[in-house]
Amino acid sequence: MVDGFPRALATLTARFIGPEEPGRPDPISRGVYWAALATLFVGSLAVIEFFLGSLKAMADLAATLSLLIAPVLAWLNHRIMTSEAVPAKARPGHSMRMYSVFGIVVSLSMAMYFVTMRWVMGAGA
């Protein structure tokens, strides 16, 4: 987990610099990798320090962020996997695409329900 985020960020940065070349490993910028790792470390310490007095508040924040970000990530994944960038043989079939759309709708519905109950209706305060 700790090593995955900096590597993913370094690879993403490489995508902005140039296109992916099949059969060739991605060049991972050591500078981007170490900067992302340092940011992750400092950010983790800040979160722990801020929530040191209340584990419940930290768990609430983590659950809230996860619930609200999940539909966005699901939609991005769906868009990528059904795009022209993915070879036709590797793209999901019709049933899997429909299942993906269903999952996005359910995830988005849960997020909207949560926002409505928590902040609009004030039930979760």
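1. Basis. The model is predicted, so local features need pLDDT of at least 70 and side-chain atom pairs count only at pLDDT 80 or more, while totals for chains, interfaces and linings use all residues. Residues are numbered from 1 along each chain as its sequence is written, and side-chain values use heavy atoms, with hydrogens and water left out.

2. Secondary structure. The protein chain has four helices and zero strands. Read from the N terminus, the order of its elements is α-α-α-α. Helices (H or I, at least four residues) and strands (E, at least two) are DSSP runs, numbered from the N terminus.

3. Overall dimensions. The radius of gyration of the protein chain is 19 Å, whereas a compact globule of 125 residues would have one near 14 Å. This radius is taken over C-alpha atoms, and the globule rule is 2.2 Å times the number of residues to the power 0.38. The C-alpha trace spans about 50 × 40 × 20 Å along its principal axes.

4. Buried residues make up 11% of the 125 residues of the protein chain. The cut-offs are under 20% relative accessible area for buried, over 50% for exposed, and partly exposed in between (1.4 Å probe, protein chains only). Among contacts in the protein chain with a separation of 6 or more, 44% are between residues 24 or more positions apart; contact means heavy atoms within 4.5 Å.

5. Helices α1 and α2. Helix α1 covers residues 4-17 and helix α2 residues 30-50; their axes come within 8 Å and cross at roughly 140 degrees. That makes α1 oblique to α2. Axes are lines fitted to C-alpha atoms, for helices over the stretch in contact, and angles run from 0 to 180 degrees between N-to-C directions. Angles under 35 degrees count as roughly parallel, over 145 as roughly antiparallel, 65 to 115 as roughly perpendicular and the rest as oblique. The crossing of α1 and α2 is right-handed. On the α1 side the contact uses F5, P6, R7, L9, A10 and T13, and on the α2 side V32, Y33, A36, L37 and L40. By class, these residues are nine nonpolar, one polar and one charged. Here Ala, Val, Leu, Ile, Met, Phe, Trp, Tyr, Cys and Pro count as nonpolar, Asp, Glu, Lys and Arg as charged, and the others, Gly among them, as polar.

6. Two residues of α1. G4 belongs to helix α1 and is partly exposed at 38% relative accessibility. Its C-alpha atom is 9.5 Å from that of L37, 33 residues away along the chain. T13 also lies in helix α1 and is partly exposed, with a relative accessible area of 26%. Between T13 and Y33, 20 residues apart along the chain, the C-alpha separation is 9.8 Å.

7. Helices α3 and α4. The axes of α3 (residues 55-81) and α4 (residues 94-120) come within 9 Å, crossing at roughly 155 degrees. That makes α3 roughly antiparallel to α4. Their crossing is left-handed, a term for a near helix turned anticlockwise from the far one by less than a right angle, with clockwise giving right-handed. From α3 the contact takes T64, L67, L68, A70, P71, A74, W75 and H78; from α4 it takes R97, S100, V101, I104, S107, L108, M110, A111, F114, V115 and W119. These divide into 14 nonpolar, four polar and one charged.

8. H78, in helix α3, is buried with a relative accessible area of 17%. Beyond its neighbours within four places in sequence, H78 is in contact with R97, S100, V101 and I104. S107, in helix α4, is likewise buried, at 16% relative accessible area. Residues up to four places away in sequence aside, S107 touches A70 and P71.

9. S109 is in helix α4 and is partly exposed, with a relative accessible area of 40%. S109 and L65 are 44 residues apart in sequence, and their C-alpha atoms are 15 Å apart. A88 sits in the loop between α3 and α4 and counts as exposed at 59% relative accessibility. From A88 to L65, 23 residues apart along the chain, the C-alpha separation is 34 Å.
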